[in-house]
Amino acid sequence: MSYTTTQLAVQVLRKLRVIDATETSSDVESAVLTQVTDVYRAKWDEITSHGNEMTYWAYDSIPNPVFLILADLIALECRDAFGQPISAREKEVEEQTILKRLRRHTQTQASGRPAEALYY
């Protein structure tokens, strides 16, 4: 199963407690959803850049194993905009922890390219 960027944005807003569990994407202003998906786009570009290459999925098709990890990562990036500031040092430490979780789901092929991790 894969998730869309809108579902990711709604999950991030729930994590930040901007919306409650009963609200859906249709209940949220499109500007707020766009703001969160723009942050996801920038972060996705960063983790797919040369040297980082931590993704094996398309931008708009987020796999189930990394969905909650990405929600944590995007929530960390967005929290200042929603009135939940964090110091730069704390943010960096937390981001490194989240990125470690993301790396666990990515393995490198002999070519050096990321591949989907298979669990048996």
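Reader: Which residues of H1 are buried?
Author: This is a predicted model, and in it Thr5, Leu8, Ala9, Val10, Val12 and Leu13 of H1 are buried.

Reader: Nice. And what covers the buried residues of H1?
Author: The cover includes two strands, S1 and S2, along with helices H2 and H3.

Reader: Where does Arg17 lie?
Author: In the loop that runs between helix H1 (5–15) and helix H2 (30–48).

Reader: Is Arg17 buried or exposed?
Author: Exposed: Arg17 has a relative accessible area of 76%, and the cut-off for exposed is over 50%.

Reader: Switching to H3 now. How many of its residues are buried?
Author: Eleven of the 15, so H3 is mostly covered. Among them are Val66, Phe67, Ile69 and Leu70, and the run from Ala71 through Asp72, Leu73, Ile74 and Ala75 to Leu76 is buried too. Cys78 is also on the list.

Reader: One geometry check: what span should H3 have, and how far apart are its end C-alpha atoms?
Author: Helix H3 covers residues 64–78, so at 1.5 Å a residue its 15 residues should span 21 Å. The end C-alpha atoms are 21 Å apart, which agrees.

Reader: Great, thanks!

Definitions and conventions:
Residues are numbered from 1 along each chain as its sequence is written. This is a predicted model: local features need pLDDT of at least 70, side-chain atom pairs count only at pLDDT 80 or more; totals for chains, interfaces and linings use all residues. Side-chain values use heavy atoms; hydrogens and water are left out. Helices (H or I, at least four residues) and strands (E, at least two) are DSSP runs, numbered from the N terminus. Buried means under 20% relative accessible area, exposed over 50%, partly exposed in between (1.4 Å probe, protein chains only). The expected span of a helix is 1.5 Å times one less than its number of residues. Contact means heavy atoms within 4.5 Å.
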